[in-house]
Amino acid sequence: MRVFKMKKGNIVPFLRSLEEFGEVWGPVKKGDNYVYAHEDPEKFDLSALRTLIPAKKFFLPQKSTILKFKNGNWYTHSDCKKRVIFGLHPCDIHALNIYDEFYTRVYEDPYYKSNKEATLIIGLSCLPDEHCFCNLTDTSTVEKGFDLFFTELEDKFLVWVGSPRGDDILAKRSDMVEDITKEDIKDYIEWRKRRENMFKVDLSFTGLPEIVSASYDSDIWDKMGSACLSCGTCTMVCPTCTCFDVEDEYDIRADEMNRNRKWYSCMFREYSLVAGGHNFREARAERLRLWYTHKLVGFMSEYGDPACVGCGRCVVSCPVGINVLSIVRALTGEKNDAFWAKTEVKQI
Amino acid sequence: MKEKVEILSCEVQKEENPYKPERARIVRKYDLTNDVRFFQVRICNPEKVMEWTTNYKPGQFMMLSIPNAGEAPFSITSSPTRPGVFEFSIRKVGRLTGKLFELKENDFVWLRGPFGNGFPVERMWGKDLLFVAGGLGAAPLRSVLLYALDNRERFGKMYYLYGAKTPEEVLFKNEFEEMLQRDDFECHLTVDKDPEGNWPYDIGVVTTQFKYVKDIDVNNTAAIVCGPPVMYKYVIQEFLELGISEENIYMTLERKMKCGMGKCGQCVVGHKYTCIDGPVFTLWDVKTIRNLI
Amino acid sequence: MGKPKIGIYGLTGCAGDQLNILNCEDELLKLFDIFEVKSFVMASRSKDESVPLDVAFVEGSVSTEKDLEELKKIRQKSKILVAIGHCAVFGGVQSMYLGCEPWIERYKKVYGREDAVTISPPLDPKPLSAYVKVDAVLPGCPIEKEPFLKMAGLLAQGVIPKNPDYPVCAECKWKENECLLLKGEICLGPITSAGCGAICPSLNIGCIGCWGPIEDENFASGIALLESKGYTLDEIVKRFSIFGGTERGEKLAKYIAKVKEGHNG
């Protein structure tokens with residue numbers, strides 16, 4: 001992989017110069033958290049770790065119209081926009097790679113594909129906090145799925161070129177980058193060592209698919225189910241959750257019908273409800289078990305890797321503490337002080 | 001002057017869009033029971049009629065939609081050996097089917113597909129076939145049954161056991177009565193109850209019909225079951241007692257689907273997507289995946 | 001086929017839902033264009049109650065004998081009956097859970113005596129569904145313009161609309177809001193039906209539940225969670241009751257009985 005270096009002061013002008021390819025989006029502060037927003041690159045916060053909602057929103061928007069029906073005919077509709085997304089961390093890019101595999105397997109989703117082709121992905125290195133565990137899911141570094149990747153060192157960026165598009169971009173901006181030196185490589189190795197020592201989650205993910213499979217009938221699922229609010233937050237914030245619902249809506253202003261798709265969740269009761277009223281997963285425990293077996297076992301047998309990238313979003317988002325870490329702790333008999341594990345919910 | 005470079009594109013392939021349905025016309029419809037209706041549907045585009053109706057497998061399904069009322073999967077009741085039309089047997093249960101039942105002959109519906117794995121009919125060539133259907137389960141099985149009858153020479157012995165709750169709920173009664181006359185295959189009908197007392201055939205649950213199954217080569221038999229969820233357990237028990245192996249027991253399952261292409265996730269069971277990995281599963285799949293039935 | 005005939009009616013409520021229909025200013029002409037409005041007393045005095053209706057929109061709870069009589073008449077002449085607004089769908093704040101005393105005791109406390117209101121004998125306020133078949137619902141206090149227009153659009157196409165069966169949290173996440181529950185605030189998002197677009201949480205105000213309880217609510221876990229954040233059961237029950245309607249009221253009564261039982265045992 002080709003690597004260059006860039007002076008810190010060049011990053012904002014560089015990102016601004018990318019507006020010629022489309023809207024430049026990056027992480028900006030929202031309350032105590034971050035979101036990807038279309039702002040002037042000067043406002044991007046390079047210390048942002050995990051955004052509230054992952055970058056999947058650019059490829060499968062929260063809600064979008066896919067077809068229109070007017071005067072007896074169907075029309076393909078797309079809200080696709082050219083975008084440059086800056087600030088994706090290795091876990092985010094791994095998640096997008098899973099998305100890519102999923103949305104192009106067997107049938108290629110044309111909306112996903114056009115969104116993907118319309119987007120430049122520019123990664124950014126990160127230093128983990130106490131909730132990050134990408135070191136356990138083997139997603140703490142990334143080799144593919146980006147056009148450029150910026151590693152932020154003390155006094156400079158190292159820029160990794162991941163695609164011909166990325167190479168073209170740098171070639172046109174050769175005044176902003178320089179070749180790397182032996183010194184730079186030394187600095188990078190130092191930085192990596194420092195980063196590796198920063199991970200704090202002390203847990204083993206080894207043998208997890210087998211453990212989850214064997215725990216199919218465990219009462220842990222019922223305990224979690226009793227506390228689960230079925231709010232769907234875990235699935236909305238999870239960067240590898242792909243499910244959607246499709247719904248027709250009639251727009252009286254335009255006199256046309258829109259067929260929309262929107263994010264959906266296996267935590268919702270209706271998800272497994274078939275016409276006629278039978279529900280295949282009436283109990284919350286069954287829905288939770290589906291989610292975790294799909295993430296940790298199913299993906300493993302299908303793609304060779306679990307569908308958890310260790311971003312920690314579920315860890316910081318679930319109001320009752322149901323998340324990959326607390327479940328792994330429960331299933332492996334480790335100490336677990338999650339709300340769901342220590343609270344007795346009085347179900348009526 | 002800086003050269004403007006187009007490195008990104010945002011075109012959606014409009015013609016190849018697999019979400020975009022194809023117009024079809026209802027050419028025939030009639031009631032099979034008081035809440036199940038038979039629909040014969042023809043693709044409007046003449047260039048696509050033969051292409052679509054010859055290139056599918058028994059056991060596959062189509063996504064059928066009516067604008068505003070939505071879209072849902074329906075198993076194809078017809079067989080690719082009788083091309084030209086698609087046939088569906090549909091129970092009125094919800095918003096879409098309610099709207100569908102309001103439609104008349106010559107009205108339009110919209111189709112996408114076919115989707116799903118279908119029955120591995122080629123793998124069944126040379127085998128004895130044992131069909132067991134319950135209630136509306138006769139709809140998806142009709143496709144593979146007609147296929148087998150139209151390719152009769154490719155299969156060994158054939159049994160078809162069909163049970164419904166009452167005589168009123170028997171689907172395709174006329175067709176079955178014709179089949180009873182055939183000497184190259186055995187068809188047995190039963191009902192759980194016969195309140196009117198006019199039913200000329202057996203009374204009892206479908207598993208009682210296994211007494212007619214004789215002289216099949218259990219090591220070379222494909223058993224196919226489709227019916228309401230409660231039925232599976234008992235029928236599968238019978239298959240296993242006959243000595244048919246788990247990978248030769250096939251069933252076709254029902255789930256909610258919004259795309260048919262393994263994306264929307266609503267049909268997921270374990271890590272399988274019923275729409276692409278199914279809807280036809282073997283008993284071995286069912287045991288491994290769990291929660292399937 | 002002619003235009004669908006509709007009527008818009010109000011029982012006991014603040015008339016805010018009807019007002020919000022009138023507030024669809026830019027789309028009002030369109031609505032009057034796609035529907036033949038036979039009765040909408042709030043908008044026009046001229047009405048025709050003699051014809052059968054394709055769709056009746058009914059606001060307000062059934063709180064008097066007169067309401068009930070009117071509702072039955074509307075039901076009888078309408079193909080599709082749509083309950084609009086919290087009062088019609090869940091019973092409104094007038095049906096909230098206020099402890100286990102019989103409704104008539106509360107009535108006496110407020111009005112002084114049992115026969116205080118003379119227009120029509122009073123009833124324990126209830127949603128329409130307590131008395132008649134309701135085909136579709138549009139909750140909200142009051143209803144919102146966009147969901148109403150979408151619903152009207154589908155009805156005009158002859159399709160009965162369906163309210164989401166998932167919670168406000170879903171829409172709140174789509175809007176990329178920070179979770180107020182995580183910040184220790186009382187937010188009824190997880191137990192409230194979506195559809196509003198998470199208006200309040202988007203303005204950093206905890207959901208008050210005005211779209212009413214979601215069918216699948218895990219109400220007991222909601223209480224346990226808020227208790228763990230330092231709220232008292234009394235505070236929580238008050239918040240859960242306001243827009244809890246009659247059904248959640250019954251659940252709250254059961255829950256409280258169970259807690260008391262636990263204390264005694």
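**Domains, chain contacts and cores**

In chain A, 30 residues of domain 1 are in contact with 26 residues of domain 2, where contact takes C-beta atoms, placed from the backbone, that lie within 7 Å. The model is a predicted one, with local features needing pLDDT of at least 70 and side-chain atom pairs counting only at pLDDT 80 or more, while totals for chains, interfaces and linings use all residues. Residues are numbered from 1 along each chain as its sequence is written, and chains are lettered from A and ligands numbered from 1 in the order in which they are written.

On the domain 1 side of that chain A contact, the elements giving two or more residues are β4 (63-70) and α2 (90-104) of chain A. Helices here are DSSP runs of H or I with at least four residues, strands are runs of E with at least two, and both are numbered from the N terminus. Sorted by class, this side of domain 1 of chain A holds 16 nonpolar, seven polar and seven charged residues. For that sorting, Ala, Val, Leu, Ile, Met, Phe, Trp, Tyr, Cys and Pro are nonpolar, Asp, Glu, Lys and Arg are charged, and the others, Gly among them, are polar. As for the bounds, domain 1 of chain A runs over 3-196 and domain 2 of chain A over 208-342, as given by an automatic or database domain assignment. Taken over C-alpha atoms, the centres of these two domains of chain A are 26 Å apart.

Of its 15 residues, 12 are buried, so α2(A) is largely enclosed by the rest of the structure. Buried means that 20 or more other C-beta atoms lie within 10 Å of a residue's own; exposed means 12 or fewer, and partly exposed is in between, again with C-beta atoms placed from the backbone. The buried set runs from P90(A) through C91(A), D92(A), I93(A), H94(A), A95(A), L96(A), N97(A), I98(A) and Y99(A), and also takes in F102(A) and Y103(A). These buried residues of α2(A) pack against β6 (83-88), α3 (110-117) and β7 (119-124) of chain A. After α2(A) comes V106(A), which has a positive phi, near 55°.

Elsewhere in chain A, T51(A) sits in the loop between β3 (33-38) and β4 of chain A. T51(A) counts as buried because it has 26 C-beta neighbours inside 10 Å. Not counting residues up to four places away in sequence, T51(A) touches P27(A), Y34(A), V35(A) and Y36(A). The C-alpha atom of T51(A) is also 8.3 Å from that of R313(A), a residue 262 places away along the chain.

Chain B splits into domain 1 (22-115) and domain 2 (121-252), with C-alpha centres 24 Å apart. Their contact takes 17 residues from domain 1 of chain B and 16 residues from domain 2 of chain B. The domain 1 side of chain B has five nonpolar, nine polar and three charged residues.

Chain C likewise has a domain 1 (5-156) and a domain 2 (168-264), and 25 Å separate their centres, taken over C-alpha atoms. Here 16 residues of domain 1 of chain C are in contact with 15 residues of domain 2 of chain C. Helix α4 (residues 86-90) of chain C gives the most to the domain 1 side, with three residues. By class, that side has 10 nonpolar, four polar and two charged residues.

Between chains, 39 residues of chain B are in contact with 48 residues of chain A. Strand β4 (residues 70-75) of chain B brings the largest share of the chain B side, three residues. This side of chain B is made up of 16 nonpolar, 11 polar and 12 charged residues. Chain B also meets chain C, with four residues of chain B in contact with five residues of chain C.

Now for the cores, each a set of buried Ala, Val, Leu, Ile, Met, Phe, Trp, Tyr and Cys residues joined through C-beta atoms within 7 Å. The largest nonpolar core has 196 residues, and those with the most contacts inside it are A56(C), V58(C) and V82(C). Its largest share, eight residues, comes from α2(A). A second, separate core of 50 residues includes F119(B), V144(B), F239(B) and Y250(B).

Technical notes
Contact = placed C-beta atoms within 7 Å.
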